[in-house]
2 protein chains.
Amino acid sequence: MDSAQNNIYVDRFKDILKHEHFLLGIGEISKATGVSQRQLRYWEEKGYIKSEESKDDSKKCDHRHRKYSHFTFLKVSMIQSFINDGYTLNAAVQKTDAHSLLSKAVKQFLKERILDVTVVQNGYELDLGSIDGVPGKHVYAVIQKNANTKLILKDFV
Amino acid sequence: MDSAQNNIYVDRFKDILKHEHFLLGIGEISKATGVSQRQLRYWEEKGYIKSEESKDDSKKCDHRHRKYSHFTFLKVSMIQSFINDGYTLNAAVQKTDAHSLLSKAVKQFLKERILDVTVVQNGYELDLGSIDGVPGKHVYAVIQKNANTKLILKDFV
DNA sequence: CTTATTTGTCAATTAATTTGACAAAGAAAA
DNA sequence: TTTTCTTTGTCAAATTAATTGACAAATAAG
């Protein structure tokens, strides 16, 4: 992956990361979050969460299985986290909505800042690009199995 | 989110990121990747990909709907990307398997390096922690809507 | 205590997936 | 080219999973 093999894989990976968009069924959301299907349907009825069907009028055919975005999955996880700590449903939703864009920001970071990838011993090194005030260098994240991920500065040619 | 509100949300978010584990049905994988359900079943039959059912003997009950991990979703996306460019199925799988751990490395990075989150104008600032050779400072990712995500160095108290 | 919100459960219906089989298209080999 | 092997499409019958609607129970709020 250091040379020619590099772009053949990395460019595809970046492209997949950038465009990935999958939906989850109610059963999968329920299992992964611990929120029952009955709760999910009720929360949707009350407008706290949205399924693709409730967003798009063209998909509003009866008896269609609900599909949820990964964004909604995280939202449900967050609401449930607050509920587990004693918040009411309404309060949990309010707390969750206050920073609903954080998950999108993290995705934006990944899409914009993974510039390149190199293979290293037991892992990978991500090129995160330049950092303000340090010209001629890039920040790299060194990610290795059984080691703490660390950041380093290296000359960028 | 700058003060007391902070941890109430950020710690939950980090925890959710760290432990999120959802599965996808064959229909969702197929729609999101453009690979037909017939192909996915065949690829599994040939051992190129695995569903949860094919991993875990205890789940090997007949007629159960297949579930795939996000890791497998990315793998299928990658295989399809190679196939779209003219690779045979076998070659596409080989190319894909060569760096199958990259997606896990990226997840590891997120889990280990998002130390804190602060609200800024139109976005968020992620504390990515210290960087080798620059004591007393942390790297921050400033993520704003309608702006390129940038990295900055700031004193860390 | 009374009312409103939220969730569990059941039954009947509809949707989505499973398996198995056969055919057809595509790639590799003779 | 011809033959063979790999890969995918399609169909039907069976099975699993989700849908809606309703009622009851549990929980929170007034």
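**Entry 1: around the DNA.** A reminder to myself that this is a predicted model. I began with DNA strand D and found 20 residues surrounding it. The closest are A:Arg41, A:Arg66, B:Ser36, B:Tyr42 and B:Trp43. I then sorted the surface near DNA strand D by class, which gave nine polar, seven charged and four nonpolar residues.

Which part of the strand faces the protein?

A polar side-chain atom of B:Gln39 lies 2.9 Å from a phosphate oxygen of DNA strand D. A:Gly27 uses its backbone instead, with an N or O atom 3.2 Å from a phosphate oxygen of DNA strand D.

Next I asked which helices supply this surface. At least two residues each come from α2 (26-33) and α3 (37-45) of chain A and from α3 (37-45) of chain B. The most comes from α3(B), with four residues.

**Entry 2: where the chains meet.** I turned to the two protein chains and found 62 residues of chain B in contact with 62 residues of chain A. The area buried between them is about 5600 Å², and carbon and sulfur atoms give 69% of that. On the chain B side, B:Tyr9, B:Arg12 and B:Leu151 lose the most area to chain A, together 13% of what that side buries.

I then searched across the interface of chain B and chain A for polar links, and found 18 residue pairs in polar contact and six salt bridges. One of these bridges joins the side chains of B:Glu28 and A:Lys67, at 2.5 Å from N to O. Helix α7 (residues 102-113) of chain B gives the most to the side that touches chain A, with nine residues. That side of chain B divides into 36 nonpolar, 16 polar and ten charged residues.

Entry 3: Over all chains, my search of the whole structure came to 16 salt bridges. Side chains of opposite charge can pair when their charged atoms come close.

A:Asp132 forms a salt bridge with B:Lys150, with the closest N and O atoms 3.6 Å apart. This pair crosses between chains, from the loop between β4 and β5 of chain A to strand β6 (residues 150-155) of chain B. A:Asp132 is partly exposed at 40% relative accessibility, and B:Lys150 is partly exposed at 36%.

Within chain B, the side chains of B:Lys154 and B:Glu125 meet at 2.8 Å, N to O. B:Lys154 is in strand β6 and B:Glu125 in strand β4 (residues 123-127), so the pair ties together parts 29 residues apart in sequence. I checked burial too: B:Glu125 is buried at 8%, whereas B:Lys154 is partly exposed at 34%.

In chain A, A:Glu52 pairs with A:Lys55 at 3.0 Å. Both lie in helix α4 (residues 52-55), three residues apart, about one turn of the helix.

Entry 4: A:Asn122 has a positive phi of about 60° although it is not a glycine. Is A:Asn122 buried or exposed? At a relative accessible area of 55%, A:Asn122 is exposed, and it lies in the loop between β3 (116-120) and β4 (123-127) of chain A.

A:Asn146, also not a glycine, has a positive phi of about 60°. I found A:Asn146 in the loop between β5 (137-144) and β6 (150-155) of chain A, exposed at 80% relative accessibility.

Note on methods:
Residues numbered from 1 in each chain as written. Chains lettered and ligands numbered in written order. Predicted model: local features only at pLDDT ≥ 70, side-chain atom pairs only at ≥ 80, totals over all residues. Heavy atoms only, no water. Near = heavy atom within 4 Å. Polar contact = N/O pair within 3.5 Å; in protein donor to acceptor, adjacent residues only side chain to side chain. Nonpolar A, V, L, I, M, F, W, Y, C, P; charged D, E, K, R; others polar. Contact = heavy atoms within 4.5 Å. Buried area = accessible area lost by both parts, 1.4 Å probe. Salt bridge = Lys/Arg side-chain N within 4 Å of Asp/Glu carboxyl O. Buried < 20%, exposed > 50% of the residue type's maximum accessible area, 1.4 Å probe, protein only.
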